[in-house]
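Here is a friendly walk through one model, with the geometric criteria given as we go. Have your viewer open and follow along.

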Amino acid sequence: MAFQFKKESVTFRLDNAQVSGLKIFIEGELTIYDAMELKETFDGLFKNPNSIFEIDLSRISKLDTSCLQILLALKKEARKQEFTIRFINHSHAVLKLIDLYGLTGFLRDKIKLQKEDLKEFSFQYGMGRD
């Protein structure tokens, strides 16, 4: 296994209410060799009674298209089942693919860029300014 998956139960504050959720940390490389295991890991999430999942992507050192597709499918499935999934702390490897495929508009996540990254990423494709 080239990646590690950790989760912890947390309480999120939304509109003056507290909602239970999970904070998930993914660390390592996510490549085609890990895609099936990643998908199976995420499939178990939807059996969980939590309605909010916050997935920290800061420790992903390598990401290929196959695993990006799993993350996108997870986001799409969450919308159908009325779960909230937020990707946070996007690593450089994740940002490169999001920018390459113009996925900022689809993901609707807050993306924080370091000052040195502002010139590298445009995030314009898929944002309705085309």
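Is Phe 5 buried, partly exposed or exposed? Phe 5 is partly exposed, because its relative accessibility is 23%; here buried means under 20% relative accessible area, exposed over 50%, and partly exposed in between, with a 1.4 Å probe and protein chains only.

## Ground rules

This is a predicted model, in which local features need pLDDT of at least 70 and side-chain atom pairs count only at pLDDT 80 or more, while totals for chains, interfaces and linings use all residues. Residues are numbered from 1 along each chain as its sequence is written, and side-chain values use heavy atoms, with hydrogens and water left out.

## Aromatic pairs

A search of the whole structure turns up two aromatic pairs. Rings of Phe, Tyr and Trp (its six-membered ring) pair if their centres lie within 6.5 Å; planes under 30 degrees apart count as stacked, over 60 as edge-to-face and the rest as tilted. Phe 5 and Phe 42 form an edge-to-face pair, because their ring centres are 5.6 Å apart and their planes meet at 80°. This pair links distant parts of the chain, with Phe 5 in strand β1 (residues 3-14) and Phe 42 in helix α1, 37 residues apart. Helices (H or I, at least four residues) and strands (E, at least two) are DSSP runs, numbered from the N terminus. Phe 42 counts as buried, at 2% relative accessibility.

The rings of Phe 53 and Phe 83 also have centres 5.6 Å apart, but their planes are at 25°, so this pair is stacked. Phe 53 belongs to strand β3 and Phe 83 to the loop between α2 and β4, 30 residues apart. Both Phe 53 and Phe 83 are buried.

## Charges over rings

A charge sits over a ring if NZ of Lys or CZ of Arg is within 6 Å of the ring centre and within 35 degrees of the ring normal. The charged end of Lys 75 sits over the ring of Phe 87, 5.0 Å from its centre. Likewise, the charged end of Arg 86 sits over the ring of Phe 12, at 5.1 Å from the ring centre.

## Helix α2 and what follows

How far apart are the end C-alpha atoms of α2? They are 23 Å apart, which agrees with the 22 Å that its 16 residues should span; the expected span is 1.5 Å times one less than the number of residues. Among the buried residues of α2 are Cys 67, Leu 71, Leu 74 and Lys 75. The buried residues of this helix pack against β2 (17-30), α1 (35-43), β3 (52-63), β4, α3 and α4 (104-107), where contact means heavy atoms within 4.5 Å.

Just after α2, Glu 82 takes a positive phi of about 60°, although it is not a glycine. Glu 82 lies in the loop between α2 (65-80) and β4 (84-88) and is exposed, because its relative accessibility is 72%.

## Helix α3 and its loop

The loop between β4 and α3 (92-101) holds Asn 89, another non-glycine residue with a positive phi, near 50°. Asn 89 is partly exposed, with a relative accessible area of 36%.

The buried residues of α3, including Val 94, Leu 97 and Ile 98, pack against β3, α2 and α4. Just after α3, Gly 102 has a positive phi of about 65°.
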